Amino acid sequence: MKRTGAQIVCESLIKEGVDVVFGLVGGAILPLYQTLPEYPQLKHIMVRHEQCAAHAADGYARVTGKVGVCFATSGPGATNLVTGLATALMDSVAMVAITGQVPRAAIGKDAFQETDVTGVTLPVTKHNYLVMDPKDLAATIKEAFHLARTGRPGPVLVDIPKDVQQEEVDYRYPDSVDLPGYKPHLTGHPTQIKRAAKLIAEAERPIILAGHGVIISKAYAELKELAEKAQIPVITTLLGISGFPENHVLSVGMPGMHGMAYANIAIDRSDLLIAIGMRFDDRVVGRVSDFAPRAKIIHIDIDPAEIGKNVKTTVPLVGDAKRVLAALNRQVEHQERGEWIKQIDVLKREHPSHEIPISDKVLPQYVVNQIWEATGGNAIIVTGVGQHQMWAAQHYYYTKPASFVTSGGLGTMGFEVPAAMGAKVGKPRDEVWAICGDGGFQMTLQELATIVENKIDVKLAIFNNSFHGMVRQWQEIFYKKSYVATKLFNPDFVKLADAYGMTGLRVTNKEEVRPIIDQARAVKGPVLIDFVVESEENVYPMIPAGTSVNEMLEAPLPGLHLVDSKDSST
Amino acid sequence: MSGNNVHSHTITALVQDRPGVLTRIASMFRRRGFNIASLAVGKSEQAQLSRMTFVVDSDSDDIVEQVTKQLHKIIEVVKVSDLSKEDIVARELALVKVRAQTASARSEIIQVVELFRAKIVDVAADSVAIEVTGDEDKIESILTLLRGFGIVEVMRTGRVAMVRGKKAPLKTGEAKSRASTRGG
């Protein structure tokens, strides 16, 4: 049957199970937009900036496990997607971005709103395409979705010239893809599984490091089985949070720069690390030579390139976390590790990293704690990047899979509002809270219009400390309190909410925290809360960049100056 | 990377002939900080597939392993082989334009060319162009000898390599069947 390129895109999306698209219109993608009314199954949510189309698709993908989809026009529309694509690539999020391009004859002529989009996005996508023949469109979109969701997921961009969207060709959606160079390895090698099981049986102080891969492959039950059967404590990385219930007796919290002290000490003492779907990021590892010096490492990851990239591995296991764990569990024996579990319990008591300082002030940690209590730990929490992100990771207790959404790898400030929007659209029955920094919030706040227009019921909690707080903390510790370019002038956030037509509330003292949270929860529809929090509160524990657990700062030290500024890396 | 342990490693890749595939590969090398000493590309024995030979200088086997893994991650790369530890035939072709203004210079150059089993492929009034094939050492040696006459221009292809004997290259049919067994 004959279809225009634009119709082919819409029908292909429907075939791939897409029900919502986040996007922003423009000249080069107009034929596709003008076709949307023919396909009411495809709900389109118009954002106010393309970056937020990508972040919304990202939030949607992370909570649903489906592929998030965004549209943008050529040139500036497409370049605005770049931050969102890079965020998704770093965090392995399944996304398909469709961009309009200038007509084929104009390509390479510096036409109006022309950019080499496949060139620009090459290093920030898993793969990308420029479709020069409408006959290739259906197969390309099929491939794009296949690549986005299989193996190690990631963003795939399809750039479509305007006249390709308009041209009519025969359409048939292919049943399979032809990608001879792409074959994700899903099952672990039997010999390595045997070796891993043997190491687990021999280990005295094993630790599981569970990352995003557990959530992506939905390996929750398999992870729990392994932990319980072999009595192995579980640490979840920032992106692994909610992959293992934090109220479980074997849960040991988060590792790394702002991880729990006991988690980092446990890694240091461990004789076997079982890393599952995580990539030994520098924020987890610190100084490589001092990381887990006593431990052998079993590394399970679907991406072979992650194995041996940052740390030396004893047993490499390339495969899908769910399948590899299932196979491993069949070979792992029941074990008791009373002594090791007891040691960790002692560590937890000696290093109570979860404790919130006693104060009459509005401490940000307390605000997170109260949101947790009020929501019963059942909300989806979406964060930006910085201090509030770390407090949200530390002081909310996650028990529901895929309930923590954050930009871990790229560290994209401004992620929270659009990603929360996408998460709510993906999981409309879930309560969604965005924990926002006052800095990051102002990078994407134009989406308040999208939220109000589409009645997206998200609660936006701004942690307003009038600083780029995390950078200020570094300046306090590493640069002798020289606060260069971190003090923030903020607008009146409540009036801003009012201007956009949403409920705005403010908290300035501790007694108001819980009542205002409850009030916000009672509102049907979006609410912004301006939590005016203690402005110079720091995130602890802290392992300064490029150091080890031995250099960990557990609590505020008066007049602390750690090292000279030139010694502190990123 | 530094030190005396830098070795050159030969890696070959079978890649799909698609627009931008070379950019993807070059971009990966650049952004991950891998050094390409040479790169040669040409059609393979199979339609729509090209074969590339990379020479990577590195003092660490881990880096070479990362190069092969990162290459393999590129969707259009069908197969990657690290030939560093294989018994291989490796050749490079060079075109060298040398000054030859006198009859005696010309006859001396011809002697050198014969000695290296090279070929004179062009003769002009005051220069000759020489084609020489061999491993890098051989090409370096002839260049050293020719330098005395005055080298006008050198054009080198970079190394191409294949494993000696038994091993057959991956067939397209094999690649196709791999594609159809891929799971989600």
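Before going on, two sentences on conventions. What you see is a predicted model, in which local features need pLDDT of at least 70 and side-chain atom pairs count only at pLDDT 80 or more, while totals for chains, interfaces and linings use all residues. Residues are numbered from 1 along each chain as its sequence is written, chains are lettered from A and ligands numbered from 1 in the order in which they are written, and side-chain values use heavy atoms, with hydrogens and water left out.

Chain A, then, is divided into domain 1 (2-170), domain 2 (190-350) and domain 3 (364-539), these bounds coming from an automatic or database domain assignment. The centres of domain 1 and domain 3 of chain A, taken over C-alpha atoms, are separated by 29 Å. To their contact (heavy atoms within 4.5 Å) domain 1 of chain A brings 22 residues and domain 3 of chain A brings 26 residues.

How many salt bridges are there between domain 1 of chain A and domain 3 of chain A? The count is one salt bridge, where the term stands for a side-chain nitrogen of Lys or Arg within 4 Å of a carboxyl oxygen of Asp or Glu. A salt bridge also joins the side chains of Glu453(A) and Arg48(A), at 3.1 Å from N to O. Across this interface of domain 1 and domain 3 of chain A, the rule finds eight residue pairs in polar contact, both residues at pLDDT 80 or more; a polar contact is a pair of N or O atoms within 3.5 Å, and within protein one must be able to donate a hydrogen and the other to accept it, while residues adjacent in sequence count only if both atoms are side-chain atoms.

On the side of domain 1 of chain A that touches domain 3 of chain A, at least two residues each are supplied by strand 2 (20-23), strand 3 (43-46), helix 3 (50-64) and helix 5 (82-90) of chain A; here helices (H or I, at least four residues) and strands (E, at least two) are DSSP runs, numbered from the N terminus. Helix 3 of chain A gives the most to that side of domain 1, with ten residues. By class, that side of domain 1 has eleven nonpolar, seven polar and four charged residues, where Ala, Val, Leu, Ile, Met, Phe, Trp, Tyr, Cys and Pro count as nonpolar, Asp, Glu, Lys and Arg as charged, and the others, Gly among them, as polar.

As a whole, chain A has 23 helices and 19 strands. Its radius of gyration is 24 Å, close to the 25 Å that the globule rule gives for 570 residues, so chain A is as compact as a globular protein of that length; the radius is taken over C-alpha atoms, and the rule is 2.2 Å times the number of residues to the power 0.38. Along its principal axes, the C-alpha trace of chain A spans about 70 × 60 × 45 Å.

Turning to chain B, the domain assignment gives domain 1 (7-86) and domain 2 (89-160). Domain 1 of chain B gives seven residues to the contact and domain 2 of chain B gives four residues. The area buried between these two domains of chain B is about 410 Å², of which carbon and sulfur atoms give 49%. Between domain 1 and domain 2 of chain B the count is zero salt bridges, although three residue pairs are found in polar contact, both at pLDDT 80 or more.

Finally, the interface of the two chains. Chain B contributes 26 residues to the contact and chain A contributes 24 residues, and about 2200 Å² is buried between them, 54% of it from carbon and sulfur atoms. There are two salt bridges between chain B and chain A, and the side chains of Asp303(A) and Lys73(B) meet in a salt bridge at 2.6 Å, N to O. Six residue pairs are in polar contact across the interface of chain B and chain A, both at pLDDT 80 or more. Helix 2 of chain B provides the largest share of the side of chain B that touches chain A, seven residues, and by class this side of chain B has six nonpolar, nine polar and eleven charged residues.

Key: Buried area = accessible area lost by both parts, 1.4 Å probe.
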